[in-house]
Amino acid sequence: MKTGKSPQNTIRLLENISLGSAVFAVVLCVLIIVNFIQIKRADPLNTPAMTALIEKLQSDPGNEQLSQEIQTLDLLARKAFFTAQWQVRTGGYLLFISILLLVSCFKAIELISVKLPKEPAGKPPMFWETRILKRQWLVYSGASLLALTLLLAWLTHKDLGKDLGSGKIQDAGYRMRDDVSPTPNPQSPTPNSQSQIPNSQPQIPNSQPPIPAWQEVQANFPCFRGPGGIGITACTGIPTSWDGKSGKNIKWKTAIPLPGYNSPVIWGDKIFLSGASETKREVYCLDAVSGKILWNSPVEKIPGSPSQAPGVSKETGQAAPSLTTDGQRVYAIFANGDLIALDLDGNPVWSKNLGVPANHYGHSSSLMMYRDILIIQYDQRGAPAVIGLSGKTGEQVWKTARNVKISWASPSLINTGNRMELILAAEPSVASYDPLTGKELWSIDCISGEVGPSLAYAAGIVFSVNEYSTLSAVRIADPPKVLWENNEYLSDVPSPVATDKYLFLVTSYGTAVCYDAVAGTKYWEHDFGNPVYSSPMLAEGKIYIMDKKGMMNIIKADKEFSLLSQCPLGEGSFCTPAFTNGHIFLRGDRNLYCVEK
Amino acid sequence: MPNRREFLNTLMRGGILAALGLLSGALLFRKRDENSCSTGFACNSCSKSKSCSLPAALEARQTVWQLDPAKCIQCGRCATSCVMSPSAVKCTHAYAMCGYCDLCGGYFKPGTKTLTTAAEHQLCPTNALKRKFIEEPFFEYTVDEELCIGCGKCVKGCSAFGNGSLQLQVRHHRCENCNECSIARKCPSQAFTRVPANQPSLLKGLGNERMQDAGKKGEVNA
Amino acid sequence: MRKTNLVPALLAFTTLFPKTVFAIQRFPKPEFESAYTQPQTQIPLPRGEFMAYLDVAVLLIALSVVTWLVLKKRSRLWVFAMSIFSLGYFGFYREGCVCSIGAIQNVSLALFDSTFVLPLSVILFFILPLLFTLFFGRTFCAAVCPFGAIQDLFAFKPQALGSRLNTVLGIIPYLYLGLAVLFAATGTDFIICRYDPFVGIFRFTASFGMFLFTGILLLSGIFIARPYCRFLCPYGVLLNWTSRFSRSHLTITPKECIQCRLCENSCPYDAIDIPVTTKSPESSPVMVKKMMMMVLIVPVLVIAFGYAGSRMQDTLAGVDPRVKLAKEVLSGMRDAGSGMRDAGYKMQDAGYKMQDAGYKMRDAGYKMRDAGYKMRDESFEIKAFKASGKTESQVYSEASAVLKKFYIGGWLFGGFIGLAIALMIGGRMLPVYRADYVTNKGRCFSCARCVDYCPVKS
């Protein structure tokens with residue numbers, strides 16, 4: 001023992017200090033908690049009183065007294081906010097100091113009052129018995145943990161994965177909202193349910209720059225028979241008089257290196273077409289203003305491409321399908337199944353071979369683009385299907401098997417008022433698909449034979465026609481209904497075109513006919529005398545019919561027949577004209593012509 | 001018996017040592033997936049480091065948290081989610097971008113017609129944004145960081161109506177650089193990222209966009 | 001001239017609905033006529049990078065000093081003094097950030113995400129304590145870890161917990177470790193940091209709930225010494241297992257145990273093993289049989305727990321912000337006036353039947369549905385999602401990827417827990433013989449308290 005204060009006294013002193021600081025700490029704790037709750041309950045920077053006053057002031061801007069009031073309140077609120085913060089902070093420090101004091105007192109007491117170790121009373125615990133107990137408890141707790149987890153899993157498991165998977169498909173439906181306001185029709189007929197499930201999850205890539213809006217698509221001429229592929233263009237100022245031989249109204253004329261029966265497609269100032277021989281396939285881009293070939297991109301070295309081009313009929317050729325474009329890339333397909341995507345400068349983006357189509361005349365169905373999905377009607381012998389590929393990557397987004405014969409018709413994309421539908425024709429049916437998922441929406445058996453003409457559409461009615469078959473008008477409803485049928489005049493190659501009131505049909509041997517679209521009554525017929533392979537186009541209320549010799553017959557789209565003009569191209573043509581405002585682009589056997597007014 | 005136990009112990013120790021060695025080796029010399037590079041830096045084994053557009057690519061060895069103003073939607077959570085109170089995120093003024101407008105969308109409440117510094121017109125709840133007349137018709141706006149709580153109201157106003165010169169930024173002399181930023185966890189737009197410690201700012205309009213562009217490119221790739 | 005710029009701006013300001021477009025030079029750069037110069041935007045720099053290596057150096061020195069104090073000097077007082085230093089440096093000065101416990105997560109994430117930057121200093125913070133432990137026991141816990149240090153301060157009246165509670169609570173750190181690695185490796189969250197109870201003290205700021213947790217831990221720590229270290233710390237699991245194979249561990253007695261029993265109750269952490277000289281009451285053939293059973297049960301346990309873990313997939317993944325967003329988008333898109341939409345469907349059906357008149361009704365249905373979309377209040381997450389320009393399917397596929405990770409992770413996590421429990425049970429079946437009072441190498445924090453109780457001096 002030391003002289004002076006005894007350890008007991010020191011310990012007592014320390015105990016008193018620690019008791020004091022403990023009390024202080026508890027009081028501080030309470031104060032801090034109260035302060036905290038106060039701030040939580042009413043954020044001084046965001047009081048309803050203030051908001052109300054400011055609203056009042058905004059309706060009464062000149063009120064000086066009101067602004068005075070706001071200023072005072074604001075000052076108070078800020079003061080309250082910062083004071084509260086200061087209080088919490090200072091309180092925290094004080095609490096820390098008091099606890100520090102408490103702990104040091106305790107530690108000091110521990111140090112001073114050195115207790116001699118004592119032998120513990122009683123026997124040491126039984127080792128083996130407690131060990132068995134431990135084991136048992138481990139088993140119990142393990143079992144209850146397992147049971148608890150399983151119970152929890154059972155209670156909370158939500159099949160999130162499935163939801164997300166279905167969400168992805170559903171999402172595709174929602175994304176259509178900006179075109180029209182569609183809803184997948186729950187009542188739509190579902191005959192081949194197994195064919196509706198897309199083979200792969202549609203992983204639609206985030207395309208940058210964004211997908212062109214439907215309006216933008218419509219302002220261009222992105223595919224065979226105009227936007228949507230139904231033979232109608234909204235372009236205006238279309239020339240009605242020219243002569244290819246004399247050069248009258250011909251702005252330019254450019255020779256196309258390789259032959260092809262595909263029709264030109266246009267985006268902005270660029271015209272795209274393709275040509276092919278047995279050995280060579282090429283995609284061309286021409287300047288719409290000057291007619292210069294901007295680039296000529298050979299399609300070669302495509303993995304899976306056959307070494308020998310398939311046998312095709314002379315009237316189909318190796319490059320019958322027209323191209324399509326979405327303003328970012330242009331896509332082309334050839335008779336051997338080669339599919340290529342090029343950027344607008346002619347650089348290949350992706351390419352693949354879809355397998356040589358089993359098609360005795362040669363593949364001729366043109367490509368169609370919807371948003372960022374490239375749609376291919378691949379109705380070949382054996383495995384007919386319609387395929388949706390990602391335009392950006394070429395990856396398959398969906399593929400739907402079809403129970404049809406070979407078809408040479410091209411897909412059409414129509415806006416039925418509540419959704420976009422992809423409609424296809426092939427024996428035996430006209431069928432509609434969701435262009436984003438490939439899901440079949442409806443189908444109706446109304447066509448037969450080797451279908452060449454594509455479909456026409458206007459005001460809720462789809463028109464299908466084929467030689468040795470029938471001309472049918474199908475109203476899209478639930479279920480679809482054949483409004484009328486007729487088999488007096490039938491077409492083998494040219495597709496029909498329809499307005500809200502009339503249907504115009506040209507037969508392959510050159511007779512034009514006009515029917516009432518709803519009733520089916522024939523208004524007139526006129527024989528031009530020359531065979532027609534090009535599809536008639538409707539522009540500015542006129543029907544443009546090009547015959548095989550290159551003569552363009554322009555007639556009024558009306559129930560009275562009226563021939564407005566006849567313009568010779570100077571060379572034969574199989575192709576459907578393309579339009580921009582003020583211009584027609586005509587592909588002859590060898591040249592592409594630009595006609596201006 | 002004790003010898004056998006000793007031997008087993010040594011064996012296990014050797015095993016653990018080897019495992020630790022393997023682990024640290026794997027961590028030190030791990031290959032980076034260059035294609036999924038989202039930061040574009042800290043790239044000791046990246047084959048692209050030579051052609052990398054980031055000047056700091058090779059030096060950066062440590063990261064700090066920063067928020068990308070381009071992604072920020074000014075939800076106000078920076079003010080409430082930070083481990084620090086007040087938050088280490090503050091409004092930062094990129095003067096080089098400022099239009100010095102009389103009618104400042106960051107300073108005034110929407111609908112304000114009389115442009116005075118009176119409290120009823122101010123957007124800032126703590127009077128942290130100061131307005132000073134420079135010359136006709138320009139006004140300088142400065143942020144008093146001691147008062148700023150990082151709520152982002154002024155930032156929202158400025159980016160909606162003005163040049164977007166007021167931007168939220170983590171002020172690193174206040175930031176704890178937590179292992180995982182607690183604001184990042186709450187941020188709805190994933191604007192918080194780890195950035196190189198030697199290039200800690202993501203302010204726009206100060207000429208450091210190159211870095212951000214590279215960052216964005218990485219995102220697209222990823 | 002310049003003033004005129006403001007007129008359309010004023011109009012836009014007061015009349016148009018604001019549309020946030022980031023950083024556009026809407027207003028031209030001002031040309032000042034007075035001598036005004038623009039201030040520079042100050043960008044404060046973070047703490048220098050070399051400072052991280054200072055931390056590593058301090059860690060290394062502290063580890064060495066504490067190890068020396070524990071093994072050679074055998075002084076509780078000095079170990080205590082060192083713990084105060086560590087509390088000061090790693091705790092209050094470094095504010096608890098850069099810590100070995102949290103480094104588990106950085107290491108796990110770095111192993112699975114090659115773009116995550118793992119500084120050398122963090123690797124060292126993770127590896128160094130393990131290395132020291134592998135040779136000298138848990139001297140890191142004794143006086144280097146600030147968490148241990150602060151809890152040690154409060155261990156005033158430690159009570160023996162009872163072997164059953166000790167054992168059962170001992171499972172929690174395995175769960176915590178497994179979860180922490182799972183969440184870190186999937187890039188979801190750093191839960192060790194998120195639920196770190198002591199940084200709040202070191203920083204003098206934390207949320208109220210966190211402070212409550214801290215308070216409860218420290219107060220319970222008066223009676224249950226070091227509750228975090230014993231029943232929560234995930235790094236403790238790793239240290240425990242490395243320490244079991246340590247070369248030179250702290251011993252209670254410097255020379256020879258004289259069986260005086262003085263140290264028996266000296267350990268506040270229940271980490272002293274009493275001598276076992278008797279034979280197990282269970283006959284050895286029975287024991288062998290039980291052991292064989294155990295070996296057969298291990299895979300069953302691993303698979304059972306793994307299955308349970310994998311079934312927790314959705315719940316665990318629900319923590320991930322990407323999955324949360326996808327869920328919100330999904331449910332948003334579903335609720336988004338799904339009632340409205342259904343009404344729209346019905347009207348649409350009616351419309352089909354009534355043909356022409358029906359078209360108009362159907363349109364009305366669409367309008368109602370769209371109103372339904374608009375009516376829903378958008379959360380910040382949905383707003384941010386819309387502002388980001390991502391598509392819904394992108395969000396869904398991101399979330400699906402995370403979900404898949406959690407499925408595999410769930411199996412591994414469950415399997416790990418199953419294995420841990422199996423090992424804990426199996427370990428308590430092995431034969432034991434020890435003549436003396438010894439420290440339990442796994443659980444002992446090397447705090448050197450027991451040393452003072454031993455009457456034998458070197």
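Which helix gives the largest share of the nonpolar patch? Hold that thought for a moment, everyone. What we have on screen is a predicted model, and I'd like to walk you through two places in it.

Let's start with the patch. Leu150(A) sits in it together with Ile303(C), Tyr307(C), Tyr407(C), Ile408(C), Trp411(C) and Leu412(C), and these residues form a nonpolar patch on the surface with about 690 Å² of accessible area together. Two elements of chain C give two or more residues to the patch, α15 (284–311) and α21 (392–427). And there's our answer: α21(C) has the largest share, with four residues. If you want to find Tyr307(C), look in helix α15 of chain C.

Now over to chain C and chain B. Here 79 residues of chain C are in contact with 84 residues of chain B. Between them, the two chains bury about 7,000 Å², and 63% of that is on carbon and sulfur atoms.

What about the polar side of things? Across this interface, 14 residue pairs are in polar contact, both residues at pLDDT 80 or more. The count of salt bridges between chain C and chain B is two. One of them joins Glu381(C) to Arg77(B), with the closest N and O atoms 2.8 Å apart.

So who on chain C does the touching? The elements giving two or more residues to the side that touches chain B include α1 (2–15), α2 (50–73), α5 (120–136) and α20 (380–388) of chain C. The most comes from α5(C), with nine residues. Sorted by class, that side of chain C has 44 nonpolar, 17 polar and 18 charged residues.

Key. Residues numbered from 1 in each chain as written. Chains lettered and ligands numbered in written order. Predicted model: local features only at pLDDT ≥ 70, side-chain atom pairs only at ≥ 80, totals over all residues. Heavy atoms only, no water. Contact = heavy atoms within 4.5 Å. Buried area = accessible area lost by both parts, 1.4 Å probe. Salt bridge = Lys/Arg side-chain N within 4 Å of Asp/Glu carboxyl O. Polar contact = N/O pair within 3.5 Å; in protein donor to acceptor, adjacent residues only side chain to side chain. Nonpolar A, V, L, I, M, F, W, Y, C, P; charged D, E, K, R; others polar. Patch = residues over 30% accessible without salt bridge, like charges linked within 9 Å, V, L, I, M, F, W, Y side chains within 5 Å. Areas by Shrake-Rupley, 256 points an atom, 1.4 Å probe, with all protein chains shown as cover.
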